[in-house]
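Please examine the sequence and the structure shown here. The explanation after them takes up a few of their elements in turn.

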Amino acid sequence: MSNFESPSPASSSLSAAQLPAVCILGLGLIGGSMMRDLRAHNVECFGWNRSSATVEEATKEGFDASTDLQATLERAEASRALIVIGTPMTVVGTMLDAINEHAPSCGITDVVSVKAAVAAEVSARGMEERFVGAHPMAGSAQAGWSATLEGLFDGAPWVITYDLAAAADAAGKPVPERWIEVFSQVANLGAALGSQLIPALSDHHDASVARISHMPHLAAYAIAAAGEAGGPLAISLAAGSFRDCTRVAAAAPDMVMSWCENNTEPVLAALDDVIERLTAARTQLATEGTAMYLAKTGQIARVRYEARPAHRPIFRLRVGEGDWINQLELAESVGGQVDVF
């Protein structure tokens, strides 16, 4: 029977020793850092990257990397590896087509920052039963192999999607055994890397990250541009508040657009919310000489954020047993994490 535990540090019963071989497609910050951690855990791991320079850097450090996608996927098929798609969203479809052709038996996950768009590509190819989406909430404004490091995922939220299970449960149908196997592998991967597993449906994930990641990047770009428009004196006087508000404006625009352009409706909703609040504050400042309502509302929200529990509530469950799908839904509803057995 699944149960709920009081908040405490995460500790999964799963271990790196239980992982299959892992094949990573795309060796940027996330994929490359994952490769570093898996090697440190003595998990068989190999990968592919389009850039020969990246592969050369990785192989110089003793990592198993190649620019030959077909050979990499054929190796994954032979070893029944778990395939991790770590490429930009723009080539996810191409990766799935190649996997279908050269690794038709492998389980698949991804680390793309949007989930519904990836799920749609998977569904269009009829690959749902061997796919479970993921999104490690870790990273930086830096990118590429040179930015990779061990420990990037330690303690980080690791979103794991369960769309197929929820749909099957709602329809009164059994969850396919193959999907359950892949879900366990993906959960094991996140746990082995030290992450905290957070279940979410794909569209719920996208609506959430639009507000706490995608829109804030756009806001940071706007604040940075507005600050510079103030001229040399404004920039000379810029200190902590400007620096902190614009930190993520250092992120590569192409990367941020790959999120926003594949999560349009949720990002628009988040932008509309911010614009409405700023417009109301401008109106209040122009008519009443104050913008106190926005200031108080924002301060209260920040205080609540800082006062959140140090640890998420943990739901312990056995995949495929008892009311495990209900436990995933309950954990999602409170932003909790799951400890999977």
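The structure is a predicted model. Helix H8 covers residues 202-229 and holds 28 residues. At 1.5 Å a residue, helix H8 should span 40 Å, and the distance of 38 Å between its end C-alpha atoms therefore agrees with that expectation. Ala210 is itself one of the buried residues of H8. Others in that buried set include His205, Asp206, Val209, Ser213 and His214. Just after H8, glycine 231 adopts a positive phi of about 95 degrees.

The sheet considered here is open and consists of three strands in the order S7-S8-S9, with mixed pairing. Strand S7 (134-136) and strand S9 (196-200) form its edges, each pairing on one side only. From one strand to the next, the twist averages 20 degrees. Strand S8, residues 157-161, pairs with S9 in the parallel sense over five bridges. Within this part of the model, valine 159 stands opposite isoleucine 198 in S9.

How do two packed helices come to be described? Helix H12 (residues 264-288) and helix H13 (residues 292-306) have axes that come within 8 Å and cross at roughly 140 degrees. Angles over 145 degrees would count as roughly antiparallel, and H12 and H13 are therefore oblique to each other. On the H12 side, the contact is made by Arg277, Leu278, Ala281 and Gln284. On the H13 side, Met292, Tyr293, Leu294 and Thr297 take part.

Definitions and conventions: Residues are numbered from 1 along each chain as its sequence is written. This is a predicted model: local features need pLDDT of at least 70, side-chain atom pairs count only at pLDDT 80 or more; totals for chains, interfaces and linings use all residues. Side-chain values use heavy atoms; hydrogens and water are left out. Helices (H or I, at least four residues) and strands (E, at least two) are DSSP runs, numbered from the N terminus. The expected span of a helix is 1.5 Å times one less than its number of residues. Buried means under 20% relative accessible area, exposed over 50%, partly exposed in between (1.4 Å probe, protein chains only). Two strands pair if DSSP finds at least two bridges between them. Axes are lines fitted to C-alpha atoms, for helices over the stretch in contact, and angles run from 0 to 180 degrees between N-to-C directions. Angles under 35 degrees count as roughly parallel, over 145 as roughly antiparallel, 65 to 115 as roughly perpendicular and the rest as oblique. Contact means heavy atoms within 4.5 Å.
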